Amino acid sequence: MADDYLVRIGKLIRDARQHRGWTQTQLAEALGTSQSAVNRIERGNQNISLEMIARIGEALDSEIVSLGYAGPMHLRVVGGRRLSGSIDVKTSKNACVALLCASLLNSGRTVLRRVARIEEVYRLLEVLHSIGVRTRWINDGVDLEIVPPAELDLAAIDADAARRTRSIIMFLGPLLHRTDRFMLPYAGGCDLGTRTVEPHMIALRRFGLDIAATEGQYHAVVDRSVAPDRPIVLTERGDTVTENALLAAARHDGTTVIRNASSNYMVQDLCFFLEALGVKVDGIGTTTLTVHGVPTIDVDVDYSPSEDPVEAMSLVAAAVVTESELTVRRVPIEFLEIELAVLEEMGLDHDRTPEYFADNGRTRLVDLTVRPSKLEAPIDKIHPMPFPGLNIDNVPFFAAIAAVAQGQTLIHDWVYDNRAIYLTDLNRLGGRLQLLDPHRVLVEGPTRWRAAEMMCPPALRPAVVVLLAMMAAEGTSVLRNVYVINRGYEDLAERLNSIGAQIEIFRDI
């Protein structure tokens, strides 16, 4: 029995390593061991401690095992079932993590309503707790209260939690106002290839922040004599880059102009929150933001982040792929208009209600009903663009949608180095996807999905795409190690079950 478990653990480690794109030698170097030892572990020929399993999981950013409970979470999916009824879209993951970082600007009490209870949020809360911020779930665990200390204990930062989230980089903007020197661990999160931090540095240097990256840490030094003397032009219209610049400008005593800014949904939510803190922001929803900073912020604030357009797209894709009629409620329509226009071109049968406002009073919502449709491949390729273009995070869902459409669809995911590669995991479920290069995939439809057992891709949206295909495939599929899905979705399996899916959560170690 023990040998059998070693073989199963070894297979999980091997699959996680291969999904990361590492060789045995690379994993051995990360662990400080030999390639031959890694080879023996993967073949199940070496005893392995829980500590070593945890170290391997950290190195691969994959939850091979978690101490304190039974082991990594898997999903068993009985596919071929139609969805029905209605489902509400949860609040935006990306807005929530930005607002958690922004809470460091405020010396007063911050309450965020209906915060997404996801792993990415939990990791940030662990980091906040470690530096002295007091947080607690209130109102039956629906809302989150945040109260900062007078002085942050940055020397006590939880490095393990920080390395498991990319969002930690958005601590740079607020922290430069609170201390002259600090260190942050390197950011982690999805395995999407090299993501340079240089665009962040270009913006933040204008506020006197200088960063040296050594030994897994960002070493930050702030020169208080430096302040923006002309508009900041972002070299990348990125969401987190724009947010970091906003967070730095919010407590700069003066007016900061940010050009080539992202106007995406999470940036708008952050701007609305900053206004609740007393920071005036002109140009919200455009690519030029003018921030009238406030050097001291000490207010009690109550804010409701808006709904998540990427989750809304996930649910629309679930209905399309399973050929179901489904109503998706509270859809932030402003951030899905291009996606819906493409789907209309492909032949999607749907309708929407009149618009109404989200709880923040600013974001426009609709209820969207999707019906089974005979789809044709789009004439043009599917490719992302900065808002108001097709959302970068929604591109992977079109791989599953294109797979059920008649004809060939070219998907060009130019932003990330590796993400298009993970979409070819759909081939194990009967898909016909041809990888043309690391950024382009040709999808041939329609697809006769088939059940399979496989490891979860290490990138959030491709992982959900695989789950949707499993829901459409006749028979029983198994998706192993779904931590990455839990990073971005709250209770996704249970919520899909509520509209007709059959997904079982289980653990095997």
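I'm calling a residue buried when its relative accessible area is under 20%, exposed when over 50%, and partly exposed in between (1.4 Å probe, protein chains only). Helices (H or I, at least four residues) and strands (E, at least two) are DSSP runs, numbered from the N terminus.

Housekeeping: this is a predicted model, where local features need pLDDT of at least 70, side-chain atom pairs count only at pLDDT 80 or more, and totals for chains, interfaces and linings use all residues. Residues are numbered from 1 along each chain as its sequence is written, and side-chain values use heavy atoms, with hydrogens and water left out.

**Helix 11**

I looked up residues 265-276 first. Helix 11 has twelve residues and spans 17 Å from first C-alpha to last, close to the expected 16 Å (1.5 Å times one less than the number of residues). I found Tyr265, Met266, Val267, Gln268, Asp269, Leu270, Cys271, Phe272, Phe273 and Leu274 buried. That is ten of the twelve, so helix 11 is largely enclosed by the rest of the structure. Glycine 278 follows the helix, with a positive phi near 100 degrees.

**The 6-8-7 sheet**

Next I checked an open sheet of three strands, order 6-8-7, with antiparallel pairing (two strands pair if DSSP finds at least two bridges between them). Strand 6 (181-185) and strand 7 (209-214) are the edges, each with a single partner strand, so one side of each has no neighbour in the sheet. Twist averages 25 degrees from one strand to the next; axes are lines fitted to C-alpha atoms, for helices over the stretch in contact, and angles run from 0 to 180 degrees between N-to-C directions. Strand 6 pairs with strand 8 (residues 217-222) over five bridges, and I see arginine 181 opposite valine 221 of strand 8.

**Leucine 315**

What does leucine 315 touch beyond its neighbours within four places in sequence? I get Ile87, Val89, Leu326, Val328, Arg495 and Leu496, with contact meaning heavy atoms within 4.5 Å. Leucine 315 sits in helix 12 (residues 309-321) and counts as buried at 3% relative accessibility.

I noted a cis peptide bond between phenylalanine 387 and proline 388, omega about 15 degrees. Proline 388 is in the loop between strand 17 (364-371) and helix 14 (395-403). Another cis bond joins glycine 445 and proline 446, omega about 0 degrees.

I also logged positive phi in residues other than glycine: glutamate 323 near 55 degrees and asparagine 481 near 60 degrees. Glutamate 323 is partly exposed at 47%, whereas asparagine 481 is buried at 7%.
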